[in-house]
Amino acid sequence: MTDVSSIIRVLSGNPRDQQATALLQASHALMQSLFSPEENHFLSIDELCAPEIQFFIAREGDKTLGCVALANHGDYGEVKSMFIDPAARGKGIGHKFMRHLETEGRAQRLLSIKLETGNKLVQAHNLYRAHGFVECKPFGNYQANSSSIFMKLDLT
């Protein structure tokens, strides 16, 4: 019999939930330690609460282990704020998030999902590539710079 508390589920979440906020703050601190202010493009907790953004969490029992957001920009969605608690890495949460985002993007009839990530986040690049993302040109309000990598997944 499977222990229900050990099943990791991806659910709709609230960035203002205490556990989610703690993960977002840890993510922001990491990005600030790796990249200069002008190279950081993370959204504030308030910005993540906008109506066009869906926020998801990964839960195991009553513990939130990770978070990710999908911002709907009309014809494409943008992955924002993906972060997994370092103690929970290796449990496949990133893969669960990527499958969930693709399903959600298709449900929203998006043509593609795009993202901006930092050049130092090699494990993230590998995750995105494993799910079919390829490098692309800057999109939206982003400008090319020395640390950003832009990727996209076509959903058509």
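1. **Basis.** This is a predicted model, in which local features need pLDDT of at least 70, side-chain atom pairs count only at pLDDT 80 or more, and totals for chains, interfaces and linings use all residues. Residues are numbered from 1 along each chain as its sequence is written, and side-chain values use heavy atoms, with hydrogens and water left out.

2. **The sheet.** Helices (H or I, at least four residues) and strands (E, at least two) are DSSP runs, numbered from the N terminus. Two strands pair if DSSP finds at least two bridges between them. In general, strands of a sheet pair through backbone hydrogen bonds, either parallel or antiparallel.

3. **β2 with β3.** These strands run antiparallel and are joined by 8 bridges. Ala58 stands opposite Gly66 in β3. The hairpin of β2 and β3 has 2 residues between the strands, and Gly61 there takes a positive phi near 65°.

4. **β3 with β4.** Strand β3 (residues 63–72) pairs with β4 in the antiparallel sense, over 6 bridges. Gly66 stands opposite Ile84 in β4. Cys67 stands opposite Phe83 in β4. Ala69 stands opposite Lys80 in β4. In this hairpin, 3 residues lie between the strands, and Gly74 takes a positive phi near 95°.

5. **β4 with β5.** Here the pairing is parallel, with 3 bridges. Glu78 stands opposite Lys114 in β5.

6. **Burial of the strands.** Which residues count as buried? Those under 20% relative accessible area; exposed means over 50%, and partly exposed lies in between (1.4 Å probe, protein chains only). In β4, 9 of the 9 residues are buried, so the strand is largely enclosed by the rest of the structure. In β3, 8 of the 10 residues are buried, so β3 too is largely enclosed.

7. Which strands does α1 touch? Contact means heavy atoms within 4.5 Å.

8. **The largest pocket.** Its volume is about 850 Å³. Of its 36 lining residues, Met82, Phe83, Leu121, Ala124 and Tyr128 are the closest to its centre. α1 (18–34), β4 (76–84), α2 (93–107), β5 (112–118) and α3 (122–130) each supply at least two residues of the lining. β4 gives the most, with 6 residues. By class, the lining has 17 nonpolar, 13 polar and 6 charged residues.

9. **The second largest pocket.** Its volume is about 170 Å³. Residues lining this pocket include His41, Glu47, Ala71, Glu78, Lys80 and Tyr142. The lining divides into 5 nonpolar, 2 polar and 4 charged residues.

10. **Pocket terms.** On a 1 Å grid over the protein atoms alone, a pocket is an open set of points with protein on both sides within 12 Å along at least five of seven lines, where a 1.4 Å probe fits; lining residues have an atom within 4 Å of a point. A volume is the space filled by probe spheres set on the points, which are joined across faces, edges and corners. Ala, Val, Leu, Ile, Met, Phe, Trp, Tyr, Cys and Pro count as nonpolar, Asp, Glu, Lys and Arg as charged, and the others, Gly among them, as polar.

11. **Thr117.** This residue lies in strand β5. Thr117 counts as buried because its relative accessibility is 5%. Leaving aside neighbours within four places in sequence, its contacts include Ala124, Tyr128 and Ser148.

12. **Gln19.** This residue is found in helix α1. Gln19 counts as partly exposed because its relative accessibility is 27%. The C-alpha atoms of Gln19 and Thr64 are separated by 6.0 Å, though 45 residues apart along the chain.

13. **His131.** This residue lies in the loop between α3 and β6. At 17% relative accessibility, His131 counts as buried.
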